[in-house]
Amino acid sequence: MYFDLDNASSQDFPGGFEGPEKRLLVDFFPPKKESKVESHVYGLRKISRDDWQSLLDDAKCTIISVMSNEFCDSYVLSESSLFVYPTRVLIKACGTTVPLYSIPKLLKYAARCNMDVRYVYYSRKNFVFPNADTRA
């Protein structure tokens, strides 16, 4: 089956849902007041699972499971993934998840860790049917 997406409209695909991938990457300077760290759990990795869930509630997703190693904490989310490093957070999302809504709490939590933003990167693929998107 072949679909000519260049000449199609959203009416050609009734009930279809588009959820292009969105990525939010926020990189922070290392903690200002933390001395030499013996443990691999420092910086943003000190933020509790409950706090991450509160932040993710704002982004419209839920933690399903978490795995950690010496480098990062990896969260499987509904429609998304969250990767937390000591100085970096990456949210890869699709569907109705809105990563940008998580920024206010992320900045609040980073401030509690004595960390300042180094840079922010956000990307989103183009919609095939942008006129059919009713979200703000």
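**Figure 1. Buried residues of helix 1 in the predicted model.** Within helix 1 (residues 49–58), the residues D51, W52, Q53, L55 and L56 are buried; buried means under 20% relative accessible area, exposed over 50%, and partly exposed in between, with a 1.4 Å probe and protein chains only. Helices (H or I, at least four residues) and strands (E, at least two) are DSSP runs, numbered from the N terminus. This is a predicted model, in which local features need pLDDT of at least 70 and side-chain atom pairs count only at pLDDT 80 or more, while totals for chains, interfaces and linings use all residues. Residues are numbered from 1 along each chain as its sequence is written, and side-chain values use heavy atoms, with hydrogens and water left out.

Figure 2. After helix 1 comes K60, which has a positive phi, near 70°.

**Figure 3. Salt bridge between K105 and D58.** The closest N and O atoms of K105 and D58 are 3.4 Å apart, and the two residues form a salt bridge, defined as a side-chain nitrogen of Lys or Arg within 4 Å of a carboxyl oxygen of Asp or Glu. Because K105 lies in helix 2 and D58 in helix 1, the pair ties together parts that are 47 residues apart in sequence. K105 is partly exposed at 22% relative accessible area, and D58 is partly exposed at 26%. By the rule above, the salt bridge count is six.

**Figure 4. Salt bridge between R118 and D27.** R118 and D27 form a salt bridge, with 3.3 Å between their closest N and O atoms. R118 belongs to strand 6 (residues 117–124) and D27 to strand 1 (residues 22–28), so the pair ties together parts that are 91 residues apart in sequence. D27 is buried, with a relative accessible area of 5%, whereas R118 is partly exposed at 43%.

**Figure 5. Salt bridge between E21 and R23.** The side chains of E21 and R23 form a salt bridge with an N to O distance of 2.8 Å. E21 has a relative accessible area of 27% and is partly exposed; R23, at 36%, is partly exposed.

**Figure 6. Cysteines C94 and C113.** C94 is partly exposed, at 32% relative accessible area, and C113 is buried, at 12%. With a disulfide taken as a pair of cysteine sulfur atoms within 2.5 Å, the count of disulfides is zero.
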